[in-house]
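Work through the following exercises with the sequence and the model side by side, and try each task before reading its solution.

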Amino acid sequence: HVAAFAPQWSVDPAVVPGEHRWDEYVNEIASFQFSDLRDSFAENAKYAIFFGDDPEDSAHHQLFHGSTRTASDVNISFVTVSDAGHDVAKKLRRR
């Protein structure tokens with residue numbers, strides 16, 4: 001079982017050109033060996049992925065939905081937490 005809180009589908013500017021929260025770090029990456037998480041999911045694991053509902057994290061949420069090859073299977077569950085952003089785990093703890 002895997003629980004992920006506000007994961008980024010990618011930080012590669014070619015994949016997520018509107019994402020600038022991590023530019024300070026991303027600008028130091030010369031090339032991306034893996035540009036996104038497309039092939040990163042094991043079919044024998046169950047995933048619970050939690051997202052906040054702010055625009056930036058919602059954009060990554062949509063990329064997970066549209067791009068994971070196992071999303072149509074039962075092994076990935078998505079949870080959207082209202083009034084949360086990238087701090088979704090912190091918001092859940094407070095609630």
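The model is predicted, so local features need pLDDT of at least 70 and side-chain atom pairs count only at pLDDT 80 or more, while totals for chains, interfaces and linings use all residues. Residues are numbered from 1 along each chain as its sequence is written, and side-chain values use heavy atoms, with hydrogens and water left out.

**Exercise 1.** Determine the strand order of the sheet and identify its edge strands.

Solution. Begin with the terms: strands (E, at least two residues) and helices (H or I, at least four) are DSSP runs numbered from the N terminus, and two strands pair if DSSP finds at least two bridges between them. On that basis, the sheet is open, with 3 strands in the order β1-β2-β3 and parallel pairing. The edge strands, each pairing on one side only, are β1 (2–5) and β3 (76–81). Next, count the bridges: strand β2 (residues 47–52) is joined to β3 by 6 of them, and glycine 52 has valine 81 as its bridge partner in β3.

**Exercise 2.** Describe how helix α2 is placed against the sheet.

Solution. Helix α2 (residues 55–67) lies across β2 and β3, and runs at about 150° to β2; axes here are lines fitted to C-alpha atoms, for helices over the stretch in contact, with angles from 0 to 180 degrees between N-to-C directions.

**Exercise 3.** Which is buried and which is exposed, alanine 6 or aspartate 83?

Solution. Alanine 6, in the loop between β1 and α1 (23–26), has a positive phi near 55°. Aspartate 83, in the loop between β3 and α3 (88–94), also has a positive phi, of about 55°, although it is not a glycine. Now apply the cut-offs, which are under 20% relative accessible area for buried, over 50% for exposed and partly exposed in between, with a 1.4 Å probe and protein chains only. Alanine 6 is buried at 4%, whereas aspartate 83 is exposed at 60%.

**Exercise 4.** Locate alanine 42 and list its contacts beyond its neighbours within four places in sequence.

Solution. Alanine 42 is found in the loop between α1 and β2 and is partly exposed, with a relative accessible area of 30%. Leaving aside neighbours within four places in sequence, alanine 42 is in contact (heavy atoms within 4.5 Å) with Tyr47 and Asn75.
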